[in-house]
Amino acid sequence: MSEASMTEDKRSMQQFAGVAGNRHYNDLDGFRAIAAIAIVVMHVHVRGEYVHTSTWLSTAVEPLGTFVTLFFIISGFGMCCGYYDRVKNGSMDIERFYSRRIAKILPFFALLVCIDVVAEGFSPNALWEAFADVTLMFNLLPDLNIQVIGVGWALGVIFLFYFLFPFFVFLMSTKRRAWGTFVASVVLSLSCIFHFFKTNGNIDDRRFIYQFMFFVAGGLLFLYRHRIESLNSVGRRLVLLVAVAVLPLLYVDVPAWASNVKQLVLWIPWMVFAIAKDHKVFSNPLTKFLSGISMEIYLSHLFIFQVIRICGLAHVSSDGTVSYVVALALTLAGVIAFALLAHRCIAVASRFIATSRRTGQPRGKHGVAEGDVR
């Protein structure tokens, strides 16, 4: 591989961490880790039906599913950091872009899908849904009620954002157009509430068009990143004050039409705080490690929790709070171990496939595999 290709690969791998030029937005690692853990905390409590936990605990953890929209905002910002300028100036290799997005997501997701299909006994419903899952395009389906890796709906939203990213850059090519896009995205989100809802009256919040405003918000933060970075210490303190002040909104019920707006009010101040300057509380070896496997934590935590339930470890005490804390600790330990093991197996399989391909390539007249010529 040439030095230029290696440089491009490194930049491509860094985009999720939020890298623009020489600036690495380390706090976003912490935010991604916190979001993943928060979703696990919520799901274990809800799926474990810990009805006898302390009232304050139930109240504290149930709204934490809101953190999934923070993922979307970070994705919008991070993708722009990695690819916005290259799309605009025409230097991005489209094939490499999509290949890398698929290579990052599909192996681990497909492994989980296979495990789920086996657990379902290869039922017809599971096979249909599994096929839709591994295409990564399932957010385009008319019915998104997919039970095989049900939490994968967020991955479907994010992949559709990747799929549309060149068009997204066009929509964000100027600040004026970007603000117009943001207004349109808010109206489209509202249309899912007031007009394009399900026949039973429920809102399908798993639709890309309903969540698109968060990616646009991330793109707007990217466009204003330099102004945000120029905030002085007084400005940064004010931003932190606002960010802390709006946190109670997590526990405030609002009408359906105001839900996404509430989440923007929640997360935008924290994103500004993170972009302005790095902070050790969010940027440290632990958060960096957890951020690196945040997607795996999100996708596999319900599978690991189900294993814990089957093993009879979900309710180890008559005290619901104790049972919940034990199950949560086991789930977190399990997803981390599973993610690391899966990464190791996928890496070994990838090297084996790459070696097999090189071995099977036709030889040139000098006995060198044609694909090895640089």
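Predicted model: local features only at pLDDT ≥ 70, side-chain atom pairs only at ≥ 80, totals over all residues.

Biologist: About how far apart along the helix are aspartate 29 and arginine 32?

Modeller: Both sit in helix H2, which covers residues 27-47. They are 3 residues apart there, so the separation is about one helical turn.

Biologist: Is aspartate 29 buried or exposed?

Modeller: The cut-off for buried is under 20% relative accessible area. Aspartate 29 comes out at 5%, so the call is buried.

Biologist: And arginine 32, buried or exposed?

Modeller: Apply that cut-off again: under 20% is buried. Arginine 32 has a relative accessible area of 7%, so arginine 32 is buried.

Biologist: Which residue of helix H14 pairs with aspartate 29?

Modeller: Look for a salt bridge whose closest N and O atoms are 2.8 Å apart; aspartate 29 is on one side of it. The pair links distant parts of the chain, 259 residues apart, with aspartate 29 in helix H2 and the partner in helix H14 (residues 285-292). That partner is lysine 288.

Biologist: Which residues end up in one network?

Modeller: Aspartate 29 has a salt bridge with arginine 32, and lysine 288 forms one with aspartate 29. Salt bridges that share partners join up, and the network here is Asp29, Arg32 and Lys288.

Biologist: How many salt bridges does a search of the whole structure find?

Modeller: Among them is the one between arginine 207 and aspartate 204, with closest N and O atoms 3.5 Å apart. Both of those residues are buried. For the whole structure, the search finds 4.

Biologist: Where is leucine 144, and which residues does it touch?

Modeller: Leucine 144 lies in the loop between helix H6 (124-135) and helix H7 (153-163), and it is buried, at 5% relative accessible area. Its C-alpha is 8.4 Å from that of aspartate 204, though the two are 60 residues apart along the chain. Leaving out residues up to four places away in sequence, leucine 144 touches Phe138, Asn139, Asp204, Arg206 and Arg207.

Notes: Residues numbered from 1 in each chain as written. Heavy atoms only, no water. Salt bridge = Lys/Arg side-chain N within 4 Å of Asp/Glu carboxyl O. Helix = DSSP H or I, 4+ residues; strand = E, 2+ residues; numbered from the N terminus. Buried < 20%, exposed > 50% of the residue type's maximum accessible area, 1.4 Å probe, protein only. Contact = heavy atoms within 4.5 Å.
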